[in-house]
Amino acid sequence: MESLVGTWRLIRFNLRRDRIRLAVWIVLLVLVPVATANAIATLYPDEAARQQLATTVNANPAFLALLGPVYDTSVGGLTAWRIGTIVAFLIGLMAILSVVRHTRDEEETGRQELLAATVLGRHAPLTAALAISIGAGLVIAVLLTAGLVSQGLPLAGSAAYGFGLAAVAATFAGFGAVAAQLTQNASSARSIGVAIVGLSFLLRLAGDAGESNGISWLSWLSPIGWFTQLRPFAGEEWWIFLLWLGLTAILAATAFAISARRDVGAGAFPPRPGPAFAARSLSSAFGLSWRLQRGALLGWLIGLAVLGVVYGAVGDSIGDLLEDTPQIAQIFEQLGGVQGITDVFFSTVVGILALIASAYGIRSVLKLRVEEEASRAEPVLATATRRQPWAASHLIYGLLGPALILLIAGAVAGATYGAIIGDVANQTGRVLEAAAVQLPAVWVLSGAAMALFGLLPEYTGLSWGLLVACLVFGQLGRILQFPQWLLDISPFTHIPLVPAEDLRILPLAILTTIALVLVVAGLAGFRRRDLQTP
């Protein structure tokens with residue numbers, strides 16, 4: 001067991017470093033489902049109302065695409081439907097990012113090599129990273145089970161819900177471990193991990209929405225889809241845990257096998273030698289940023305375009321619902337809409353696409369911080385390249401990149417829906433307009449990331465916290481009955497829900513101005529502060 005020497009001490013050390021980060025994740029992932037259960041018990045106090053809601057949801061692919069099927073009409077069953085896939089997605093992200101942070105990040109910065117020079121086993125860092133992610137999932141499971149039981153929900157369903165999420169965390173921790181072994185830098189490992197979580201969510205979405213088309217089997221390819229198949233509070237399918245356990249074991253074994261055969265700091269696939277002379281495009285800061293950003297931009301473009309196709313394909317089914325059904329109106333009101341079932345559906349869809357595009361925008365801006373911490377910014381700035389152009393060369397992808405991604409996804413969704421109903425040009429324009437309206441809110445988050453980089457670089461991680469807050473406020477704020485002043489913190493709250501509502505220019509202008517101020521503040525702060533390297 002020499003390869004595991006020092007694992008416990010490394011776990012304690014990493015927990016101390018992550019005590020605030022993990023605490024925030026745990027509190028968020030426990031309180032949101034518990035608060036949702038309480039809110040659903042208030043909104044749907046009788047069985048008749050819950051039964052009508054379940055019948056409506058299960059009969060419509062659009063609802064299934066958004067949140068999945070309802071397997072039980074109890075308060076617990078509706079809680080699992082309303083918040084299950086969202087929390088599974090978030091806990092998957094938590095697990096992957098945590099593992100990459102404590103493995104590939106440590107190797108890239110050189111800290112892993114220093115620790116390896118002490119009494120530390122070969123597999124101790126990977127074991128510690130997996131233990132922390134899986135342990136955090138188990139803590140969430142125990143607290144969440146207790147919280148749901150305190151709301152009067154059955155113990156079996158509460159345990160299935162809580163420990164199902166822990167199993168999702170363990171599986172994605174395994175994916176993160178493998179991704180960390182394959183690549184030579186943390187950014188690529190994180191990109192692979194996030195792509196896996198996104199693909200899993202997309203497979204769940206397509207499978208749940210496509211039951212009538214014979215593609216429901218796609219859900220079985222997704223660890224997030226397995227969570228819905230576990231059916232908490234609806235006659236739990238406990239054998240699903242064997243799928244998570246088996247896949248996690250395979251992934252962990254694969255990660256350890258690769259780790260044993262590669263050098264510290266190297267990936268499983270060594271980088272290919274480049275040409276003897278650099279291309280002329282790399283002689284400028286913008287050419288270099290294009291080389292660093294183009295792969296991620298293409299991947300996000302393809303991913304959101306596919307998501308747009310799926311949402312557009314199920315959009316036609318939403319029109320089959322009766323607009324005067326009180327339960328339907330209530331659901332869409334909670335999702336942010338007030339009129340026009342189909343219009344509100346696409347308003348909701350572009351809102352989700354905008355949140356995803358915001359993640360790309362934040363990631364692109366924070367590439368500046370990655371380059372700075374890896375000591376790659378300093379050699380560039382030691383040349384004739386000035387700070388402002390270098391920062392702008394990456395900032396442009398944080399502003400124009402999300403715009404391109406969001407507009408293409410919106411156009412694809414509208415065109416797909418229009419092709420189904422025979423009105424391509426009109427529907428493409430309407431959904432494209434709805435997507436374009438979201439851009440000022442997206443730019444506010446990119447601007448916030450830039451401001452943090454320029455003024456408070458050690459706190460750039462708060463950018464992701466802002467995105468998670470916008471996700472919670474937008475998707476769950478009304479059902480959790482948050483006060484309006486709290487909802488107003490999110491820039492997406494102020495976006496007019498086009499095409500369900502009339503276009504209002506004033507809030508868009510204000511948000512654009514806020515984004516501009518944040519960007520200028522970030523650029524000014526970066527010009528004046530010292531570079532920070534490990």
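I call a crossing left-handed if the near helix is turned anticlockwise from the far one by less than a right angle, and right-handed if clockwise. Helices and strands are DSSP runs, numbered from the N terminus, a helix being H or I with at least four residues and a strand E with at least two.

I keep in mind that this is a predicted model: local features need pLDDT of at least 70, side-chain atom pairs count only at pLDDT 80 or more, and totals for chains, interfaces and linings use all residues. Residues are numbered from 1 along each chain as its sequence is written, and side-chain values use heavy atoms, with hydrogens and water left out.

**Entry: H18 and H20**

I looked up helix H18 (residues 387–421) against helix H20 (residues 439–455). Their axes come within 10 Å and cross at roughly 160°. Axes here are lines fitted to C-alpha atoms, for helices over the stretch in contact, and angles run from 0 to 180 degrees between N-to-C directions. The angle makes H18 roughly antiparallel to H20. On this scale, angles under 35 degrees are roughly parallel, over 145 roughly antiparallel, 65 to 115 roughly perpendicular, and the rest oblique. H18 and H20 cross in the right-handed sense.

I then listed the contact, meaning heavy atoms within 4.5 Å. H18 contributes Trp390, Ala391, Leu395, Gly398, Leu399, Pro402, Ala403 and Leu406, and H20 contributes Leu439, Val442, Trp443, Ser446, Met450 and Phe453. By class, the residues of this H18–H20 contact are 12 nonpolar, 2 polar and no charged. I count Ala, Val, Leu, Ile, Met, Phe, Trp, Tyr, Cys and Pro as nonpolar, Asp, Glu, Lys and Arg as charged, and the others, Gly among them, as polar.

**Entry: H8 and its partners**

I took helix H2 (residues 19–43) with helix H8 (residues 124–150) next. They pack at about 30°, axes 9 Å apart. That makes H2 roughly parallel to H8. H2 passes H8 in a right-handed crossing. Among the H2 residues in the contact are Leu22, Ile26 and Pro33; H8 residues include Ile132, Ala136 and Gly147.

The H8–H9 crossing is right-handed. This contact divides into 19 nonpolar, 7 polar and no charged residues.

**Entry: salt bridges**

How many salt bridges are there in the whole structure? My search gives 15. The criterion is a side-chain nitrogen of Lys or Arg within 4 Å of a carboxyl oxygen of Asp or Glu.

I followed the ones at helix H6 (residues 104–109). Arg104 pairs with Glu107, the closest N and O atoms being 3.6 Å apart. Both lie in H6, 3 residues apart, about one turn of the helix. Buried or exposed? I take buried as under 20% relative accessible area, exposed as over 50%, and partly exposed as in between (1.4 Å probe, protein chains only). Arg104 is buried at 0%. Glu107 is also buried, at 13%.

Glu107 has a salt bridge with Arg262 too, at 2.7 Å, N to O. This pair links distant parts of the chain: Arg262 sits in the loop between helix H12 (240–261) and helix H13 (285–315), 155 residues from Glu107. Arg262 is buried, at 8%.

Asp105 meets Arg190 in another salt bridge (2.9 Å, N to O). Here too the link is between distant parts of the chain, with Arg190 in helix H10 (residues 186–209) and Asp105 in H6, 85 residues apart. Arg190 is partly exposed at 23%, whereas Asp105 is buried at 17%.

I also noted a network of salt bridges joining Glu108, Lys367, Glu371 and Arg376.

**Entry: two single residues**

Thr79 is in helix H5 (residues 75–102). Its relative accessibility is 0%, so Thr79 counts as buried. Leaving out residues up to four places away in sequence, Thr79 touches Pro33, Thr36, Ala37, Ile40, Gly84 and Tyr161.

Ser347 is in helix H15 (residues 341–365). Ser347 is buried, at 4%. I checked one separation: Ser347 and Pro457 are 110 residues apart in sequence and 35 Å apart in space, C-alpha to C-alpha.
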